[in-house]
Amino acid sequence: MSKTDSPKQAAVTATVTGADIQKVGFRAMIQKEAIMYNLAGSARNNPDGTVSVSLQGDKDRIEDTLAAIRGGSKKSSKNNTVNQASAALDPNLKTFTVFAWTSTTRNITNPYDLVFTLRPADDEISLNDAKAAWNKIALSTLKGDDLTKFNNHMASIDE
């Protein structure tokens, strides 16, 4: 039985509603969860203020990620509502993408698609390792002044 045929594998789509889930690092938090748990899928802001999320991978890890989404991030609203539905598994999906990412705190207004490629070993990593992997993705994606702004922000955090 292949990994994608395993009964522990699942796929869901969800719409997240909450008071503050856009322009507060919410989708980046979701992507860090996906990196930590090695989940495929995507996250995007919707014009109505909600966030669309799709997740695919280990069923328990998806549940842990959905719990984190409900709980929110440091700057987002807490107790967010997640309306989810089962989705079909896509054996070809090997990435988790945050579409049109920008950063208010870093003054990055050009939208970037931040893409995490699944690790070959379907393992879990620590949140700190996931954050480091996310920073690497941002550093390899951003261009020009936006890359400079990101680096300057990272330097100010390290001080």
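Beyond its neighbours within four places in sequence, Asp146 is in contact (heavy atoms within 4.5 Å) with Ile108, Asn110 and Tyr112. This is a predicted model, in which local features need pLDDT of at least 70, side-chain atom pairs count only at pLDDT 80 or more, and totals for chains, interfaces and linings use all residues. Residues are numbered from 1 along each chain as its sequence is written, and side-chain values use heavy atoms, with hydrogens and water left out.

Asp146 lies in helix α4 (residues 144–158); helices here are DSSP runs of H or I with at least four residues, numbered from the N terminus. At 3% relative accessibility, Asp146 counts as buried, a term for under 20% relative accessible area, with exposed meaning over 50% (1.4 Å probe, protein chains only). The Asp146 side chain makes a polar contact with the side chain of Asn110 at 2.8 Å. Such a contact is a pair of N or O atoms within 3.5 Å, one able to donate a hydrogen and the other to accept it.

Asn110 and Tyr112 are also among the contacts of Trp101, as are Trp134, Leu142 and Phe150, leaving aside neighbours within four places in sequence.

| Group in α3 | Residues |
|---|---|
| Buried | Ala130, Trp134, Asn135, Ile137, Ala138, Thr141 |
| Exposed, on the face turned away from the buried side | Asn128, Lys136, Ser140 |

Seen down the axis of α3, the buried residues fall within an arc of 160°, so they line one face of the helix; the arc is taken over directions from the helix axis to the C-beta atoms.

Methods: Helix = DSSP H or I, 4+ residues; strand = E, 2+ residues; numbered from the N terminus.
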